[in-house]
Amino acid sequence: HPDKNEDPQAQNKFIEIKNAYEILSDKEKRTEYDRFGYVRDDGASQNQRGHQNPFHQFAMNDDIFSFLFQNNFDNAEEEHIIDTVNMYQFKNEILPNSNYKPFVLEIFSNLCLKCLMIQPTWASIAKELESIGLGTGQVNSDRDYALVQYLGVTSLPSIYVVVEEEIFKYTGELSKKMLRKFIQDLLPNHLVEKVTDETNSTFFMQNNRPKLLLFSSRPSPSLKFLLLAMKFQNYVKFGMATIDSETKKLREKFNAHPSDPTALLFKENQNVSFKTLLASDMKTGALDKLVEDNKYLHIPRLESHIMFYNLCQEKSILCIILFINNPAIDEDTSKRVEDIIAENYIYFDNIRMAYVSTKQQGAFFNSFDAGKLSLSTDECEGVHHDKIMFLKRLEDDEAIYDWHENGWCDSSSGTQNLIMKAIAYVTFQEKLKLKTVVSKLVDENAPGIFRRIQRSLKFVAKTLWRLPNYILRIEALPLFVIPMVWLIVASLTSLLGPEVANNHEMKRKKKREKLKLHSEISAFKIIQLSSNNEDILIHNARHGHMTMLILLSESNGQDAKASPLYRTFASVMYIHRREFLSLTCCWLSLTVQKNWCQRLIGGITPVDESLNGCVIAINGHRHYFTLLKLPAIMGVQSNNDDDNDCGEFLGMEELDNVEFSAKQLKHRLPDWIGRLREGSLTRYSIENWPKILMSADL
């Protein structure tokens, strides 16, 4: 950098490096340089300079990507935006979430010719993988060497797949079909149960979860269906029945289509499906939405504290909890709950019902003051279920609650009283009066000694089977010996000592850390730039202070905080906040303060709605600013190429413009911040900063 290097050639070298970076990071300039060896400055587009591909004669076969050099890049579609992943995001987001969603990462370098050549193909593949529910990302080896070392990367470009917190290197041909098959082989084989006329009783065995049964002509589940099952594995039981002679009785029993795919969702009643989707209804995202909207039974049993957290979400959900002495509720109670929900569905967006066995969850029941429980009236005398509670969770394990005075009453008036009471709490006509700290629910599905032994043996067998992948990743056998010894010792220890408590404690610790991170990001201050603070932030800013400003179309703070652009800006700036000597993050209404924006950047770019999400880095002391403007959105289309999946469309819903802009901001802002700190961005000097008008002057 010329400001830090006294060499007389530093200025020229810096400009040369900057120009090279601009060419490599710009798709059109990069393509033009690859074709002609230089970039013209006359503004002519690449379409005016011919379409010859100088690489079409080369057939390089030295690695898995060489065949791509024969592609015609003139027909490549518009580049798909792929998130850039750093070490922090990999360890705190990708690894934990890979238990429910696999991720595919491309490792590249700006100075790698092969990386540049495969980029259009990789963008097309990433777009399709995202449409079926996979996560994608790219790692810049020039910027995040620590993550490259962690992955064990030895050549560029490389593709890695992360499944269940394990990392696998893909060494096959870079094609959609081959990569999808590689990912499907890595997914757990227990996600979808095969159902036939002979084995359907096992599938429909009550396990406190809804069940989704898919009739399909496929002999095995598609990758889309497996990904859906992986995503909701803790909520819904998935099964698949092939349309053949072995499932004829099942299809007749549930009126499934004789040849086309049919999806059936079951809740408490195992003999009649709660929801049915025919092939004509299975549009993009339909099956995903069906499972998302029905991932709980009408009245599930609270069998773990994690389920309590998920069902009774913090502050927003009213939980009606029924306390019983038996392990499960009877059929009459289940049918009655189903009738209540069917008749009053409009009120149940914010209401959940559940039951708890007091014999198995005594500590949880004792968390509440049973002395405040009123006895049943004469109308409900002799009813078996006499304890029912309204509850709302607060922060952590705190909760407010109240007992229903008549308990669980089978009379019509008792049912009506229960419904009216719940509606009163949801609409804030009444308040929950009691407060407590809830004791932890015992995990009723915790594995016993035999299941722990079985899991340990399976884990060792799986690790030995995948041993070549680990060696290929680390590429040094001595480095593999130490973790292998540790693995054997850990497996033996798990057979002899109690492992369940430790495992749950680790899960709770990870959950607390994740909640803490989200709370820290939420607490990260992004203030509104106004006439009250512009002097200290801009006009009279101290030396070394940087003000990061995002322009939003929203006019008030509440709407701004709800914007995906605001949340994305907060999360990225929170990660990079320590890279600046002094930093303040602000937002400004593009509509209210349009005149201020016009005076500041009107000479650089038109001030209109396209600046929504634009970021401005302001150095008030040195009187300059830099600008990050998101590309114009030409239209966002979802990918409907389902690779002959027989109508089983499980893709993602279309994104609106704001969500797409937020995705672009998340992709571009980290690199832009890096270039800002390097000093390689264009700086716009300004002699006098414009003044923000007060609301009274507007």
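**View 1. E303 sits in the loop between α10 (286–293) and α11 (305–311).** This is a predicted model, in which local features need pLDDT of at least 70 and side-chain atom pairs count only at pLDDT 80 or more, while totals for chains, interfaces and linings use all residues. Residues are numbered from 1 along each chain as its sequence is written, and side-chain values use heavy atoms, with hydrogens and water left out. Helices (H or I, at least four residues) and strands (E, at least two) are DSSP runs, numbered from the N terminus. E303 has a relative accessibility of 7% and counts as buried. Buried means under 20% relative accessible area, exposed means over 50%, and partly exposed lies in between (1.4 Å probe, protein chains only). Apart from neighbours within four places in sequence, E303 is in contact with N208, Q361, V442, D443, E444 and N445. Contact means heavy atoms within 4.5 Å.

**View 2. Helix α3 (residues 87–97) has the buried residues M87, Q89, F90, I94 and L95.** Seen down the axis of α3, these residues fall within an arc of 145 degrees, so they line one face of the helix. The arc is that of the directions from the helix axis to the C-beta atoms. Their cover includes β1 (103–108), α5 (145–151), β3 (158–163), β4 (166–170) and α23 (657–678). At the N-terminal end, N86 caps α3, with a side-chain oxygen 3.2 Å from the backbone nitrogen of Y88.

**View 3. Strand β6 (residues 211–216) is largely enclosed by the rest of the structure, because six of its six residues are buried.** In a regular strand the side chains alternate between the two faces of the sheet. For β6, K211, L213 and F215 are buried on one side, and L212, L214 and S216 are buried on the other.

**View 4. Strand β6 pairs with β7 (residues 237–242) and with β8 (residues 262–266).** Two strands pair if DSSP finds at least two bridges between them. The pairing of β6 with β7 is parallel, over six bridges, and L214 stands opposite M240 in β7. The pairing of β6 with β8 is antiparallel, over five bridges, and L213 stands opposite L264 in β8. Together, β6, helix α8 (residues 223–231) and β7 make a right-handed β-α-β unit. Right-handed here means that, with the strands pointing away from the viewer, the path from the first strand over the helix to the second runs clockwise.

**View 5. A cis peptide bond joins L156 and P157.** Omega of this bond is about -5 degrees. P157 lies in the loop between α5 and β3. Most residues other than glycine have a negative phi, and most peptide bonds are trans.

**View 6. N255 has a positive phi, near 55 degrees, and is not a glycine.** N255 is found in the loop between α9 (248–253) and β8. With a relative accessible area of 67%, N255 is exposed.

**View 7. H623 has a positive phi of about 55 degrees and is not a glycine.** H623 belongs to the loop between β18 (615–619) and β19 (624–628). Its relative accessibility is 29%, and H623 counts as partly exposed.

How values were computed
Polar contact = N/O pair within 3.5 Å; in protein donor to acceptor, adjacent residues only side chain to side chain.
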